[in-house]
Amino acid sequence: MMLTAPLLTFPKPLIDDFPAMVLANTVLGNDVYLLSLKLTQGLHQQQAFGCLAGQFFMLEIAPADETSSHCLSFDFRRPFSPLLFDASTQQLQIYYKVVGEGTRRMSYLAAGSTVQIMAPLGNAIGEGVNPAKTLLVGGGVGVAPLVYWASQQKAMGLPVPLLVWGSRFGPDLQALLPQLTDIFTEHQLFLASDDGIVGEKGTVIDLIKHHQSMWAETVETIVVCGPTPMMKACVAYFAQAFPTARVLVSLENHMPCGTGACFGCVVENANPTGLPLRVCYEGPVFEASQLVWEAKPSCHH
Ligand SMILES: Cc1cc2nc3c(=O)[nH]c(=O)nc-3n(C[C@H](O)[C@H](O)[C@H](O)COP(=O)(O)OP(=O)(O)OC[C@H]3O[C@@H](n4cnc5c(N)ncnc54)[C@H](O)[C@@H]3O)c2cc1C
Ligand code: FES
């Protein structure tokens, strides 16, 4: 039976700012880092960090010329998913890739410096998704919200879903394995790399094809997060290989404000009469069917 529980549409706890101290910022691979933070309670609502899986936060880091260790610059606020959060220690881990100015500055953050986190933002993976019948498919750092969701299921004593994770570079997969093997058993974790150094050689789709006949019978929901071309290819493949499965995608678009105010993150609505969808507000988790995946043919005059 396909579950149709709605995606949660708005965060339950109030949005707050959480000052955080950098505990460690470790390079794990090709421009990929693990940032460990210790959060304090929210500045305004005095609440604990409450990101549900799928939700995200805006990380604020100091501008390059900022001499103070505390940061107030709006310009360098960037959206990220939690990778892991330990409520008992208030430690948050962020798995990130350096792609531009903001993430390059993140990579320079030293232990002891402070950042600020605005959370929780966006919607969440619906509570009705059955983890025992879910396949998570991550590409590169897009694995973060999927790992976070699986870790929350495990913490609640629920079954852990299957995870297929792919990367261009096998050693990048290897470097995060200690975090993953705390959550997934070897029967729940499937790795694919373009170089074939770790896991199966090839893409996540190549890997899923090998297991398709078995998984087609059990998988009700597939959740995908990764680079846009990978998600696009996955959505097309799942439509024919898992025609009855519910497919959710977690988008990682640019976000100027992260709070629904600027419309700088919109994506096209598959409903032709619907408004464009704000990834930060209606998303970042969408039913794949809510979105337009094929570019419309351009008009040449
Ligand atoms: C909800 C959400 C969760 C995210 N979680 C993570 C995470 O856990 N780990 C992580 O590494 N990243 C994550 N991202 C993406 C991250 O926010 C961007 O990589 C970051 O904002 C880039 O900032 P920058 O200043 O370094 O790059 P910019 O200077 O803004 O961009 C540099 C270059 O990268 C391209 N680029 C930047 N961001 C993106 C993007 N999102 N998609 C495609 N191209 C892009 C730009 O077009 C440009 O060419 C998430 C994004 C969202 C919306
Ligand atoms: S980032 Fe401003 S509306 Fe989404």
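Two strands count as paired when DSSP finds at least two bridges between them. With that in hand, let us walk through this predicted model.

Start with the whole chain. The protein chain holds 5 helices and 16 strands, and buried residues make up 41% of its 301 residues. Among the contacts with a separation of 6 or more, 70% are between residues 24 or more positions apart.

Now look at the hairpin of E5 and E6. Strand E5 (residues 84-86) is joined to E6 by 3 bridges, and the two run antiparallel. Asp86 stands opposite Gln91 in E6. Between the strands of this hairpin there are 4 residues, and Gln90 takes a positive phi near 60°. E6 also pairs with strand E2 (residues 32-39), again in the antiparallel sense, over 7 bridges. Here Ser36 has Gln93 of E6 as its bridge partner.

Strand E4 is our next stop. An antiparallel pairing of 4 bridges links E4 to strand E3 (residues 56-60), with Met58 opposite Pro79 of E4. In a regular strand, side chains alternate between the two faces of the sheet. In E4, Arg77 and Pro79 point one way while Arg78 and Phe80 point the other way, and all are buried.

Both E4 and E6 lead us to the ligand. Which residues come nearest to ligand 1? Of the 20 residues around the ligand, they are Tyr96, Gly100, Gly102, Thr103 and Glu252. Strand E4 (77-80), strand E6 (91-97) and helix H1 (101-107) each give two or more residues to this shell. By class, the shell has 10 nonpolar, 6 polar and 4 charged residues. Domain 1 (16-121) and domain 2 (131-252) each supply at least three residues to the shell.

Finally, turn to an open sheet of 7 strands. Its order is E11-E10-E9-E8-E12-E13-E16, and the pairing is mixed. Why is one side of strand E11 (200-201) and of strand E16 (285-287) left without a neighbour in the sheet? These strands stand at the edges and each has a single partner strand, so one side of each has no neighbour there. Further in, strand E9 (residues 162-167) and strand E10 (residues 189-193) run parallel, joined by 5 bridges. Trp165 stands opposite Leu191 in E10. Helix H5 (residues 228-241) packs on this sheet and touches strand E8 (134-139), strand E12 (221-225) and strand E13 (246-250). The direction of H5 makes about 175° with that of E13.

Note on methods: Residues are numbered from 1 along each chain as its sequence is written. Chains are lettered from A and ligands numbered from 1 in the order in which they are written. This is a predicted model: local features need pLDDT of at least 70, side-chain atom pairs count only at pLDDT 80 or more; totals for chains, interfaces and linings use all residues. A residue is near a molecule or strand if its C-beta atom, placed from the backbone, lies within 6 Å of it. Ala, Val, Leu, Ile, Met, Phe, Trp, Tyr, Cys and Pro count as nonpolar, Asp, Glu, Lys and Arg as charged, and the others, Gly among them, as polar. Domain bounds come from an automatic or database domain assignment. Two residues are in contact if their C-beta atoms, placed from the backbone, lie within 7 Å. Axes are lines fitted to C-alpha atoms, for helices over the stretch in contact, and angles run from 0 to 180 degrees between N-to-C directions. A residue is buried if 20 or more other C-beta atoms lie within 10 Å of its own, exposed if 12 or fewer, and partly exposed in between; C-beta atoms are placed from the backbone.
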